[in-house]
Amino acid sequence: SEFPQCHRSCGLCFAVLPDEKEFQHAAKTNNLDAMERLFRKKININAVNVLKRTALHFAVAGNHISAVDFLLHHKARVDIADKHGLTAIHLAAWSGNLEIMLMLIKAGADQKAKNQEGMNVLHFAAKNNGVRIVNYFIRDLHLMELNKPDEKGRKPFLLAAEMGHEEMIDELITLNLFTSEKDKEGNTALHLAAKNGHRDVLEILLQQWEDINELNQQNASALHVATQNGHTPLVRFLISHNIDLDTQFLNNIILYIYKKHQTPLHLAADLGNVEIIETLLKAGCDFSMVDKVFVILLKCISPACLGLVFRLSLIKIEFLTYIKTSAELSSMQDQIVSFKQDHSIQTKQFRASLWNLAYNRLKMREWVKLAQFWKFTNEQIKAIEEQWTGNFYKEHGYRMFLIWLHGVLIAGQNPIKHLYEDLISMGFPQLAEAMQRRRTCSFKGKKGNISMLDRQKYNQTF
């Protein structure tokens, strides 16, 4: 018939003959004997199936170097695109096989080819952690023009962040391909990494980022995205890294609930679990918003939601009681005290030291000894322990340190000197010396600046 004749002449029709189908299967399974036998029957090696894929597509996708070599030696076409615009060179970039990539380029493959989504070899390599492929095109071929946005507005760096490839992120930064640009939905690499819960990638990104509270077109920050996708550990991580926790954040979360017409029980499922809401509120969201949360939670018959109301009440009482009963603040009773975690640049280094102390140095229950030394009541300690159940004593310690730091700063005292002396008094000289090494930073309290100044002046403090 005319259709098979046309098929044999151009190789671009959708019906494959039995021998051609067998040839494609042989390429897919790297069966060189079958390929040789069928080729002697003068079949069309460029025949395409219903998805417009050729034997070369299958051989490259399977990383079959021998089959690829056979096809290229017999003049297989290298730039036939399948139904989705994928060519063989895209598949080589996706698989990360540099040897096959070099073979295709030598055979004349278009190095700048794009698929229907606007993705080129650099996009595919970044998305599947093909570091060697990226190095070849950027370091060896100097094809920096490949670093362009795809149809979604995403450069390779954003795709690597979305997929959670630490090695690729590091390499792209080294190659000066880091970008804080947004895609067409307003998402940065931070948003995309947060969406999929990639904490290790976020750790790398936060070292590069200037504004970690950037919003996308949905008015969502990386913390919003992590919250909405139920990544509880990541939410805690972002909170500990100075991300903004203000009234607007909680307003946006509540608005997000109402827009989706969900009950509080659905919220708990939608945001991962009730623990996420609890984590956000306890980490420093303005407590003026708590009453709104209470109203929502009390409409829910879920015991978990009712339990959250109780635990939020405890932690609110715990903090405010500590502030009111602190002898250090006796001269400041006329001031309004708000429960808002410190996010100032001046204390960032010291807060990082406190986190390291709580997570890496204190043993179980040692934070309780410190809390008792600092006049926390048993009720206040219990309230802190209610925040996270299970083996979260490290988080309990860190939370206690933040409450202590807030009080010390408001009292206008030197937190480094205060902590050093208290650790010595409590019998923790090694911890005290470790903290002393982190002694050059600046603090700003409610009564003015407390400067650590230079090392020489600070050494005199001790």
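# Report on a predicted helical model

Lys375 is exposed, with a relative accessible area of 68%. This residue sits in the loop that runs between helix H22 (366-373) and helix H23 (378-385). The model described here is predicted. Although Lys375 is not a glycine, its phi is positive, at about 70 degrees. Most residues other than glycine have a negative phi.

Asn219 is another residue that is not a glycine and has a positive phi, here about 60 degrees. Its place is in the loop between helix H13 (199-206) and helix H14 (222-228).

Is Ser221 buried or exposed? Ser221 is buried, with a relative accessible area of 5%. Leaving aside neighbours within four places in sequence, Ser221 is in contact with His191, Asn213, Glu214 and Leu215.

## The protein as a whole

The protein has 27 helices and 2 strands. It contains 462 residues, and buried residues make up 53% of them. The accessible surface comes to about 22100 Å², and carbon and sulfur atoms account for 50% of that surface. Of the contacts between residues at least 6 apart in sequence, 70% join residues at least 24 apart.

In soluble globular proteins, nonpolar side chains tend to be buried together. In this model the largest nonpolar core has 77 residues, and those with the most contacts inside it are Met101, Leu104 and Leu205. Apart from this core lies another, of 30 residues, with Phe376, Ile381, Tyr420 and Leu423 among them.

What does Leu205 touch, leaving aside its neighbours within four places in sequence? Leu205 is in contact with Phe157, Ala161, Ile169, Ala189, Leu190 and Ala193.

Ile173 belongs to helix H11 (residues 166-174). It is buried, with a relative accessible area of 18%. Between Ile173 and Leu205 there are 32 residues of separation in sequence, and their C-alpha atoms are 9.7 Å apart in space. Not counting residues up to four places away in sequence, Ile173 touches Phe157, Phe178, Ile204 and Gln208.

Met163 is located in helix H10 (residues 156-163). With a relative accessible area of 35%, Met163 is partly exposed. The C-alpha atoms of Met163 and Leu192 are separated by 8.3 Å, and the two residues are 29 apart along the chain. When residues up to four places away in sequence are not counted, Met163 touches Lys127 and His198.

The table lists the accessibility of the residues discussed so far.

| Residue | Relative accessible area | Class |
|---|---|---|
| Lys375 | 68% | exposed |
| Met163 | 35% | partly exposed |
| Ile173 | 18% | buried |
| Ser221 | 5% | buried |

## Helices H5 and H7

Helix H5 (residues 65-73) and helix H7 (residues 98-106) have axes that come within 10 Å and cross at roughly 5 degrees. H5 is therefore roughly parallel to H7, because angles under 35 degrees count as roughly parallel. Which residues meet where H5 and H7 come together? From H5 they are Ile65, Val68, Asp69 and Leu72, and from H7 they are Glu99, Ile100, Met103 and Leu104. By class, this contact has 6 nonpolar, no polar and 2 charged residues. Leu104, on the H7 side of the contact, is also one of the residues with the most contacts inside the largest nonpolar core.

## Covered helices

Why is helix H6 (residues 88-95) described as largely enclosed by the rest of the structure? The reason is that 6 of its 8 residues are buried. The buried residues in H6 are Ala88, Ile89, His90, Leu91, Ala92 and Ala93. They pack against helix H4 (55-61), H7, helix H8 (121-127) and helix H9 (131-140). After H6 comes Gly96, which has a positive phi near 80 degrees.

Helix H15 (residues 232-240) is mostly covered, with 8 of its 9 residues buried. The buried residues in H15 are Thr232, Leu234, Val235, Arg236, Phe237, Leu238, Ile239 and Ser240.

Definitions and conventions. Residues are numbered from 1 along each chain as its sequence is written. Side-chain values use heavy atoms; hydrogens and water are left out. A nonpolar core is a set of buried Ala, Val, Leu, Ile, Met, Phe, Trp, Tyr and Cys residues joined through side-chain atoms within 4.5 Å. Buried means under 20% relative accessible area, exposed over 50%, partly exposed in between (1.4 Å probe, protein chains only). Contact means heavy atoms within 4.5 Å. Helices (H or I, at least four residues) and strands (E, at least two) are DSSP runs, numbered from the N terminus. Accessible areas come from the Shrake-Rupley method with a 1.4 Å probe; for residues, only the protein chains shown count as cover. Axes are lines fitted to C-alpha atoms, for helices over the stretch in contact, and angles run from 0 to 180 degrees between N-to-C directions. Angles under 35 degrees count as roughly parallel, over 145 as roughly antiparallel, 65 to 115 as roughly perpendicular and the rest as oblique. Ala, Val, Leu, Ile, Met, Phe, Trp, Tyr, Cys and Pro count as nonpolar, Asp, Glu, Lys and Arg as charged, and the others, Gly among them, as polar.
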